[in-house]
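Please keep the sequence and the structure in view while reading.

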Amino acid sequence: MLVEEFKKYSHLEYKFDDGDNLDWEIRIAAREHGLANSLMDWSNSLNIAIEFAIHNFESKNIDYTSIWILNKSEIDQIRIPEETINFNQITTPTIIQFTPYTETTYYKRKFIQGGFFLKQPFQDITNPLNLNSFCSEHLTQIIIPKDAVGGIWKKIASKVNIDLSAMPVNNTFDEGLDKFCEELNKNYD
């Protein structure tokens, strides 16, 4: 239902015209705008993962945050569209590489994140990954305590302008679509 609502609201231009590849493209675009679904973003960059973990840390009012490292060597991997498969036919955790990113749909986030997606079974999306028996065997958790966040920010600030978001919004439509997805998530909690 969330993806159908996203399709109605968004007016993104997609590379594919129909079929399974278009469905993947829409689902990935929706995920990149924050819509809850069974795709989980993973970055290939430790620096980006750290920045995401500590972004707005103080406003979260938590004692620690975590970075999760996924060992994907024993997890099935699919490259879309090289291997076309229906989204709903994947019933086990699977790494998804989606190569044809376009500027208008979600290129900015792919460029920043530089990663892949983990497609989870529907029944597992409400459970934390560390409580999923399959995934817990493939995960390592690095805990960043509250006391360490300031030092990490200083280290990051010595390399990049920390006043800029890790996920810059290029135009107001992107921001509007992000907010729309946030509201949709609340409606279907």
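In this predicted model, Lys186 and Glu182 are joined by a salt bridge whose closest N and O atoms lie 4.0 Å apart. Both residues belong to helix H8, which spans residues 172-187, and they are four residues apart, about one turn of the helix.

A second pair is found in helix H1, which covers residues 2-9. Here Glu4 forms a salt bridge with Lys7, and the closest N and O atoms are 3.1 Å apart. The two residues stand three residues apart in the helix, so that about one helical turn separates Glu4 from Lys7. Glu4 is partly exposed at 44% relative accessibility, and Lys7 is likewise partly exposed, with a relative accessible area of 34%.

Helix H2, residues 19-32, holds a further pair, Asp23 and Arg27. Their side chains meet in a salt bridge with an N to O distance of 2.9 Å. Asp23 and Arg27 are four residues apart in the helix, and about one helical turn therefore lies between them. Are these two residues buried or exposed? Both Asp23 and Arg27 are buried, a term that requires under 20% relative accessible area.

Taken over the model, the count of salt bridges comes to six. Those described above include the bridge between Glu4 and Lys7, the bridge between Asp23 and Arg27, and the bridge between Lys186 and Glu182.

Conventions: Residues numbered from 1 in each chain as written. Predicted model: local features only at pLDDT ≥ 70, side-chain atom pairs only at ≥ 80, totals over all residues. Heavy atoms only, no water. Buried < 20%, exposed > 50% of the residue type's maximum accessible area, 1.4 Å probe, protein only.
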